[in-house]
Amino acid sequence: MSRRPGLSSIWERLQVAGKRNPVDVHVGTRIRLRRTLMGLSQEKLGELVGLTFQQIQKYEKGANRVGASRLYQFAKVLEVPPSFFFDDMPEDVSGGPLGGLNEPDPEPYETADPMTKRETLELVRAYYKIDDALVRRRLFELVKAAGGTVRTRRRRAAPDSA
């Protein structure tokens with residue numbers, strides 16, 4: 001079986017010691033996001049797909065690449081379409097690493113998306129555990145108002161750029 005010239009060198013370049021492929025990191029982040037939203041521990045997800053929690057950790061960190069059949073299995077267990085794991089992928093990740101042979105090595109991928117933070121996920125779960133719709137609505141308005149206040153203060157504190 002012959003490979004296209006240069007293809008293996010591209011993948012070798014992406015997998016330089018210690019560097020994770022940004023797509024693998026993104027997919028792992030999405031697995032963690034969905035698992036947490038469903039209230040599953042790494043151990044429970046591992047049981048459902050026949051893996052140890054350590055293997056789940058490696059997938060979530062992007063240290064291990066998720067194969068197509070395993071991705072399909074995660075999608076079934078986490079009740080999402082396989083495309084979910086690629087949603088919201090930044091352009092620099094989705095179009096970056098395989099762009100060309102003369103491009104510099106990609107920077108390690110770190111997500112700054114607040115939606116993937118444990119604090120955010122726990123807040124959302126706690127919010128939806130509030131049974132009283134009126135209390136939930138008032139809390140929502142309170143948080144919105146507090147967020148707006150923070151933004152307004154930051155704008156006032158910033159020097160004029162005009």
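Modeller: D88 belongs to the loop between α5 and α6. Helices here are DSSP runs of H or I with at least four residues, and strands are runs of E with at least two, both numbered from the N terminus. The model is predicted, so local features need pLDDT of at least 70 and side-chain atom pairs count only at pLDDT 80 or more, while totals for chains, interfaces and linings use all residues. Residues are numbered from 1 along each chain as its sequence is written, and side-chain values use heavy atoms, with hydrogens and water left out.

Biologist: What is the phi of D88?

Modeller: D88 has a positive phi of about 60°, although D88 is not a glycine. E79 likewise has a positive phi of about 60° and is not a glycine. E79 also lies in the loop between α5 and α6 (91-94).

Biologist: Is E79 buried or exposed?

Modeller: Buried means under 20% relative accessible area and exposed over 50%, with partly exposed in between (1.4 Å probe, protein chains only). E79 counts as exposed at 60% relative accessibility, and D88 is exposed at 63%. Over the protein chain of 162 residues, buried residues make up 26%.

Biologist: How many helices and strands does the protein chain have?

Modeller: The protein chain has eight helices and zero strands. Along the sequence the pattern reads α-α-α-α-α-α-α-α.

Biologist: Which residues have the most contacts inside the largest nonpolar core?

Modeller: A nonpolar core is a set of buried Ala, Val, Leu, Ile, Met, Phe, Trp, Tyr and Cys residues joined through side-chain atoms within 4.5 Å. The largest one has 18 residues, and I31, L45, V66, F74, L78 and F85 have the most contacts inside it. At least two residues of this core come from each of α2 (22-37), α3 (42-49), α4 (53-61) and α5 (68-77).

Biologist: What does I31 touch?

Modeller: A contact means heavy atoms within 4.5 Å. Leaving aside residues up to four places away in sequence, I31 touches L45, E60, V66, F74, L78 and F85. For the protein chain, 64% of the contacts with a separation of 6 or more join residues 24 or more positions apart.

Biologist: Where is L121 found?

Modeller: L121 is found in helix α7. L121 is buried, with a relative accessible area of 2%. L121 and G39 are 82 residues apart in sequence, while their C-alpha atoms are 9.5 Å apart in space.
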